[in-house]
There are 2 protein chains.
Amino acid sequence: MSTSSPSTPNADSNKRADSVTMSDIARLAKVSRPTVSIVLNERHESIGIAEGTRLRVLEAARELGYRRNALARAVKTGRSLTLAFLAGDPDIEYSSRAFSGVLDEAEGTDYAVQRFRLHDKSDEDCKVVQHCAERRVDGIIVNDTGLATATELIRREFEPQVPIVWLDPKGPQDWGVQVRPRDIKGMSDAVEHLVELGHQRIAFVAGIEGVGTGVPRVKGFRRALEAANLDDSLVRWTHWEEEKITAALHELMALPEPPTAILCGSDAMALLYLRELRALGKNVPHDVSVMGFGDLARVAHSDPALSTVRVPYNEMGREAVRQLLAMLEDPEMSREHREIWFPTELVLRNSTAPAP
Amino acid sequence: MSTSSPSTPNADSNKRADSVTMSDIARLAKVSRPTVSIVLNERHESIGIAEGTRLRVLEAARELGYRRNALARAVKTGRSLTLAFLAGDPDIEYSSRAFSGVLDEAEGTDYAVQRFRLHDKSDEDCKVVQHCAERRVDGIIVNDTGLATATELIRREFEPQVPIVWLDPKGPQDWGVQVRPRDIKGMSDAVEHLVELGHQRIAFVAGIEGVGTGVPRVKGFRRALEAANLDDSLVRWTHWEEEKITAALHELMALPEPPTAILCGSDAMALLYLRELRALGKNVPHDVSVMGFGDLARVAHSDPALSTVRVPYNEMGREAVRQLLAMLEDPEMSREHREIWFPTELVLRNSTAPAP
DNA sequence: ATTTCGTTCTGTAGTGGTAAAATTATTTCT
DNA sequence: AGAAATAATTTTACCACTACAGAACGAAAT
């Protein structure tokens, strides 16, 4: 047998440095492995372990520098103590703020968070979702999925086994647990603020017609203007392309009776308009008031500082985790269809002023 | 094939997550469990499985909707196929850009990424690091650790078992694999640019003296000014507090011979100065040139658009993963002390102009 | 026909842990 | 003191999977 073994040098280097196991502790503390398990998981309340033994095990664990093996544990218990956060690129502020909230809330629990990136391209997303499934995550938070196919993909893969929370999903959805901002209310608050300032001609420039956050925001816009008996015809859809966004502004300002206030579908758009209006020789806020939506960190430092509607992404991320944990506690909760609404907040800075 | 009955193979959900296992496939395909393992892991090249058997297993797996259990696999193989990314808050753009690169590069491999948050508070970080250790991650990327204690904590926990890559560590470090930007070169490039524009009085406002990124950047600043035979005395340290940053600007501009160009330790500071200089009635860039450092996404849209030094965080994140994977391939590499330097790039926009 | 060989597959024994039943040790009660 | 009750451990089994030795089989070589 050992006469002609191929001399591969993988004899010991191939094996990963094997860490300390419960068996090692058991040997040192002169107890059985399950005893170690009971002690280290603090199940001695219900099982009963002599104090002396307990301390001996603890001491042995400390001495050997033992770290629990969450993987092995997960195999047996069927719970990986891992949550998945599926979203687009991490350097988009909306999703990173939500993610920050997720980490906030996950901290202090035993859950770790795995980050997966969605692409809105169904074949790549399919792989990501499978990858996620193979990890046996206990719960899933999905943020920022524009594509209906991804939604369906995720649903098919995980429902009803794995609880899912939809964080600010882009469209309406008649199933699952959803955490959403009160976009309608947020926008109508913004309109009311402008109306109070005496504005009569108010425009709203949104993203893609009929899709995403624009829909409820336009609804809020129209609702508030109707309530104030004002013209709600100044809605423009732009597809988020910078040229089209700029074109929309130029078109509005070239109107015989141009708007005295412009609401933007996003903060990014509002920042662009601040610059663009300056280029047009308009003073914000004295000639035109501008408001954004979202309250990105940077809009507090624009010039003028942007008035906007704060969407509490961070808190929403926290809530998503809370919901998930509740569903893990009580599987019955997973079956319910729930929508949790988060209030937005009017943030008034210097880009809004009384109508000229 | 497509006429398979929609019969659910496992009993009603009395048990929590009873997913399909290899045993189920083995039963259906009438082979043993190891055979299934060989087929599904595509080890048939070296083991040898008849094509008919292989297809039968594959078909059975498809029919049952099998998903590999990465956890169980990890327990046996000792590799979790998971990387950890330790950093501060995810909504800091620097770290989220690096994280984006990490995800870019991890995609397409079998590795998933777990995100842990560091706090620069040693007791909380200690818990995080332990948590991370329990997950048996295969490799670790650490970004943005200001505190030396965290560095030491991580080192003690994981070295030399688990390969670590330090992504833009804040201080010098004589061990481990480090991925760093060429701060010195970046700053001296910036100075050279200003010198070419005819500036003679150039100031640099940095963060905390002797700590972090300010150190190499000041070095680059001094080096370039010396080379140009210019005064390098206009260095100010501010501790990153907004009032102190502003105070530094006022102090500089009140000088008998105020600087005609100001280099900032960060983009955020530069944006603040843009606003502050406008308030002082100065025109940027005609009266004063301003440059940032980092190239945050938003500085392209400031007014004027900020000239800055791009730090390729995304690419650095990618490199960190590549380094980690290389170390996992060849454990010998983990022992080396390596520094990988990434070139910065001068990004010239509209906040710099010839000296008045 | 026997040996040799290679392919294809299975049996067995892990991996590190947990759960529950079974066993042993220690009290308590009569 | 002996039985019963209780506490403290251990034994056994299992989780889903992988590694490896070796068995079963047929084909080629002798």
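Helices here are DSSP runs of H or I with at least four residues, strands are runs of E with at least two, and both are numbered from the N terminus. I also noted that a residue is near a molecule or strand if its C-beta atom, placed from the backbone, lies within 6 Å of it.

**Ground rules.** This is a predicted model, so I kept in mind that local features need pLDDT of at least 70 and side-chain atom pairs count only at pLDDT 80 or more, while totals for chains, interfaces and linings use all residues. Residues are numbered from 1 along each chain as its sequence is written, and chains are lettered from A and ligands numbered from 1 in the order in which they are written.

**DNA strand D.** I looked up what sits around DNA strand D and got 24 residues, with A:Ser32, A:Gly48, A:Ala50, B:Thr21 and B:Ser37 the closest. Helix 2 and helix 5 of chain A, plus helix 2 and helix 5 of chain B, each give two or more residues to this surface. Which helix gives the largest share? That is helix 5 of chain B, with five residues. Sorting by class, I found ten nonpolar, nine polar and five charged residues near DNA strand D. For the classes, Ala, Val, Leu, Ile, Met, Phe, Trp, Tyr, Cys and Pro are nonpolar, Asp, Glu, Lys and Arg are charged, and the others, Gly among them, are polar.

**DNA strand C.** Next I checked DNA strand C, which 25 residues surround. Its closest ones are A:Thr21, A:Ser37, A:Asn69, B:Ser32 and B:Gly48. Helix 2 (33–40) and helix 5 (70–77) of chain A, and helix 2 (33–40) and helix 5 (70–77) of chain B, each supply two or more residues. Here helix 5 of chain A has the largest share, five residues. My class tally from the model is ten nonpolar, nine polar and six charged.

**A helix pair in chain B.** I then turned to helix 11 (residues 242–253) and helix 12 (residues 267–279) of chain B, whose axes come within 11 Å and cross at roughly 55°. Axes are lines fitted to C-alpha atoms, for helices over the stretch in contact, with angles running from 0 to 180 degrees between N-to-C directions. On the helix 11 side, the contact (C-beta atoms, placed from the backbone, within 7 Å) uses B:Glu242, B:Ile245, B:Thr246 and B:Leu249. Helix 12 of chain B brings B:Met269, B:Leu272, B:Tyr273 and B:Glu276. These contact residues split into five nonpolar, one polar and two charged.

Terms used:
Contact = placed C-beta atoms within 7 Å.
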